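Take a look at the model first.

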Amino acid sequence: MTDSLPEFLAHSLALEHEAAERYRELADIMENNLNPEVGAVFRDMARFSGRHHHEIKARVGAMVLPELKSWQYRWATPPEATDSLDIDFFMQPYNALRIARDNELRGYKYYRQIAREAADPEIKRLAEEFAQEERGHIAALDKWLAQAHRPSETWEKDPEPVEVTD
Ligand code: ZN
C-alpha cells in the first residue's frame with residue numbers, strides 16, 4: 001500500500017502519463033477509423049490527463065520519487081485487445097470507450113482506496129481530489145458510451161459497465 005507521499009505521487013504521475021499516452025493512441029485509432037468525433041473525445045481526455053500530470057509534477061517539486069514497475073501503472077486491456085492498442089484498426093468506438101472507462105474506473109478505485117487507507121492527511125486529501133477527477137472522466141465516457149453502437153460480435157457479452165458506487 002502507498003504509505004509515503006513520494007510513492008503516492010510517483011504512482012499518480014505514472015498513471016496520468018500512461019492515460020495520456022493511451023488516449024492519444026485511441027484518438028489515432030478513431031481518426032484512422034474515420035471517427036473524428038470519438039477521436040476528439042480521446043484528444044480531450046489526453047489533454048486532461050496531461051494537464052493533471054503537470055499539476056502533480058508541480059506538487060512534486062524537488063521531491064525525489066521512487067521508480068515504479070510497469071505493472072503498477074500500465075493500463076489493463078481486455079483479452080480481445082492485443083497488447084498494443086494501435087494495431088487494432090477495426091476497433092469500434094464502443095470498444096475504445098470501454099477500454100478507457102475500465103481503466104478510469106481502475107484509477108478511481110486506486111485513489112479511493114488510498115484516500116480511505118492512508119494515514120498521512122496530505123495523501124488522503126490528494127487521493128480524494130484525484131478520485132473525484134477520475135469520477136468526472138468516467139461520467140464523460142459514460143455519456144459517449146450511451147450513444148455508441150454496441151458491436152456484440154467483437155465484444156462477446158457486452159456486459160454493462162460497472163456502476164461507480166462509492
Ligand atoms: Zn482519468
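Leu 5, Phe 8, Leu 9, Ser 12, Glu 16 and Tyr 23 in H1 meet Glu 122, Ile 123, Leu 126, Ala 127, Phe 130, Glu 134 and Leu 141 in H4, where contact means heavy atoms within 4.5 Å. Sorted by class, the H1 contact with H4 has 9 nonpolar, 1 polar and 3 charged residues; Ala, Val, Leu, Ile, Met, Phe, Trp, Tyr, Cys and Pro count as nonpolar, Asp, Glu, Lys and Arg as charged, and the others, Gly among them, as polar.

A word on the ground rules: this is a predicted model, with local features needing pLDDT of at least 70 and side-chain atom pairs counting only at pLDDT 80 or more, while totals for chains, interfaces and linings use all residues. Residues are numbered from 1 along each chain as its sequence is written, and side-chain values use heavy atoms, leaving out hydrogens and water.

Helices here are DSSP runs (H or I, at least four residues), numbered from the N terminus. Their axes are lines fitted to C-alpha atoms over the stretch in contact, with angles from 0 to 180 degrees between N-to-C directions.

| Helix pair | Angle between axes | Axis distance |
|---|---|---|
| H1 (residues 5-32) and H4 (residues 121-147) | roughly 15 degrees | within 10 Å |
| H2 (residues 36-60) and H3 | about 20 degrees | 11 Å |
| H1 and H3 | about 170 degrees | 11 Å |

H1 and H3 are thus roughly antiparallel (an angle over 145 degrees). Phe 8, His 11 and Ser 12 are among the H1 residues in this contact, and Tyr 110, Tyr 111 and Ile 114 among those of H3. The H1 contact with H3 has 11 nonpolar, 2 polar and 2 charged residues.

H2 packs on H3 at about 20 degrees, which makes the two roughly parallel (under 35 degrees). Val 38, Phe 42 and Met 45 of H2 touch Pro 93, Ala 96, Leu 97, Ala 100 and Glu 104 of H3. That contact has 7 nonpolar, no polar and 1 charged residues.

Now, which protein donors hold the zinc ion? They are Glu 104 (OE), Glu 104 (OE), Glu 134 (OE) and His 137 (ND1), lying 1.9 to 2.7 Å from the zinc ion; donors are N, O and S atoms within 2.8 Å of the metal. Glu 104 lies in helix H3 (residues 93-117) and Glu 134 in helix H4, so the pair ties together parts 30 residues apart in sequence. Along the chain, the donors follow the spacing E-x29-E-x2-H.

Terms used. Donors = N, O, S within 2.8 Å, 3.2 Å for Na, K, Ca; no water. Parallel < 35°, antiparallel > 145°, perpendicular 65-115°, else oblique.
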